[in-house]
Amino acid sequence: MKTENLLFEIGVEEMPAAFIPVALADIEKFAEEGLKGAGLSYKGLKAMGTPRRLALFVSELISCQPDREEDITGPPANIALAPDGALTKAGEGFLRAQGAGPEAVRIKDTGKGPCLVLHKVIKGRETRDVLASFLPLLAAKIRFPRTMKWGASSFRFARPIRWVVALFGDEVIPFEIAGIESGKMSMGHRFMAPGPFEVRADLASYIEALRRRFVIVDMGERRDMLLKGVMQAVAGSGGSILQDDDLIELNTNLTEYPSAVCGSFDGRFLGLPREVLITVMKEHQKYFAVVDGDGALRPNFVAINNIRPADDSIIRKGHERVLRARLADAAFFFEEDMKIPLHERVDALSGIVFNQYLGTMLDKTERVKSLALYFARGIAPEKVALVERAAYLSKADLLTGMVGEFPDLQGVMGREYALRSGECDEVATAIHEHYMPIRAGGTLPSSMTGSILSIADKIDTICGMFLIGLQPSGTQDPFGLRRQALGVLHILEASDIRFSLAGLIDQGIKGVLRDIKGKARSMQEAAGGILEFFRGRMVNNMTSRGYDLGIVEAAIRVGFDDVVDCVRRIKALAAVRVRPEFEPLSIAFKRVMNILKGFEGGDVDQTLFEAPEEKALFDAYMSLKDDVLALLRDGSYEDALIRLLSLKPLIDNFFDHVMVMVEEPRIRTNRLSILWQISNLFLRVGDLSAVAM
């Protein structure tokens, strides 16, 4: 079949850098799903993008959908046909609706009795016709954190659309998006080649045409160009850039044609804390810091520009002038902040509102301190004094000029000012670490004091928001509660903290209820909702790490209050699942759990055994029971499961030869009790019936 290439490009006003990777992933995903769903095969598919364009290239896309055959089931034969075989009105209506004549029908047994069946050959549509409706839908499916409308159009997108390219071979696919008609004209770099130009549906030609107009549309090529420019720019400084993958990706997606320039700043600013310098350069100016061979900061930076300047010196001086002003501000704030010890700022937190219903930051500080002390007494009583001091000081840096100007430094400056105010290292570190992890997959606290404080702070926020009805809904999570819950789970696991999650939540709710202003949910309702919320985070966390959903559910069903223990059981179930006897045993276990519904357990009376299979199964259970219980107490779940798997053939024989639900109550109860006792051992690890779902 004939094939053609497809080129689809949406030109926009500059998008935020963070929008681009997600948008490109969506384009590839939805294009693949849509083309496959339409029966349109192709050789390759690639999404590309810059701040001003999102592009899709599909190579060797077939020019027409293949014809497909389909059996359409009509009414039952006794309704569609008269006794003499002639069509009834019901039969004629079915054919008329399908646009077919009597010669096309036949009688077929569909499993619900004989029915009229029409065999149709559905002619495939031309690909260009499919694309005319599919491509606008593809554009509408792309997800962005925020969208906007412009002009008279109701269409929403990340930024206003300025041009659309849609080529299938040499032919323009005609459609309209937000009032912009599709065509074959793209645009070059906004400043260095701003005019329109014609493109072709050929990948190499498209990329090269844009390159000649100072647009590097392929993200990988643009990243390589950026890194090469950075290395050339920094070569004369005697140092190298501080490696920062996030900053590399950010600058890659801020530019269409990146170029690098290395500048310098006054060495006196090196007296500022390291994180201050890095934050000022990165967060505000998107500059790379420069370090020497020992990793110490040098008085240099590398800036990325979106143009190729005729004279680097002019660009360099401009960057140096901007950075000098920012560093001077930072130095001023640092000097002013140092005039007041950190502990003297705490009372003033009463002037910062945390939430109109949950009180001030001082109220939150007191709640977090109380919860952290409760937590510390349970897992690390030797840390109680350190936890109390760190909790007391944890939010004080919010009142400093440095954090007011550079909010990303909260916690960082708390640590710096705590150390300079005479606090011990562990207290200062915990102040910094209680915000961790800052993002999904981010760095976790390294100290037990920091871990305790971080968990207490996050539990307090989650409990407070749930109590006032501001829990996440759908994709909306303005307070980052999903991230915070995931942070709690990660810290508990990484720090090997064995503590009741429900106990922490109950204690957190009690603290919030003491401060809350206005109507709140009941403690029971809030606790149930928060536990279910954590359950969802636990499932998502473990499945995202590659564990099968059934395995995760099996472990969580029997409890996740002890997060560390739950993770161990998930790992044990996953390790044992590869054994051939596991899958059939999980099916048998599901049968056991169904039989045991409503049964509350009981002792086994061996004098009531009637079949040898009863005795064989119970004897085998009794012979391994004590060893398995010892393994379970030690947390050796994998070894315990392996021992329990040996019961599989005996369980099979039991079900093959023994009727459990007999009429005689004592016999029935005795047989149920055998299964109940065995199931209780398995349920110490997981509910295997979840695996068989």
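## Asp26 in helix α1

Asp26 lies in helix α1, residues 19-37. Helices here are DSSP runs of H or I with at least four residues, and strands are runs of E with at least two. The model is predicted: local features need pLDDT of at least 70, side-chain atom pairs count only at pLDDT 80 or more, and totals for chains, interfaces and linings use all residues. Residues are numbered from 1 along each chain, and side-chain values use heavy atoms, without hydrogens and water.

Asp26 counts as buried because its relative accessibility is 2% (buried means under 20%, exposed over 50%, partly exposed in between, with a 1.4 Å probe and protein chains only). Leaving out residues up to four places away in sequence, Asp26 touches Ala31, Lys141, Ile142 and Arg143. Contact means heavy atoms within 4.5 Å.

Four strands form an open sheet in the order β13-β15-β16-β14, with antiparallel pairing. Two strands pair if DSSP finds at least two bridges between them. β13 (240-241) and β14 (259-264) stand at the edges with a single partner strand each, so one side of each has no neighbour in the sheet.

Inside the order, β15 (residues 288-291) pairs with β16 (residues 297-305) over 3 bridges, in the antiparallel sense. Ala289 has Phe301 of β16 as its bridge partner. Helix α9 (residues 312-337) packs on the sheet and touches β14 and β16. The direction of α9 makes about 55 degrees with that of β14. Axes are lines fitted to C-alpha atoms, for helices over the stretch in contact, and angles run from 0 to 180 degrees between N-to-C directions.
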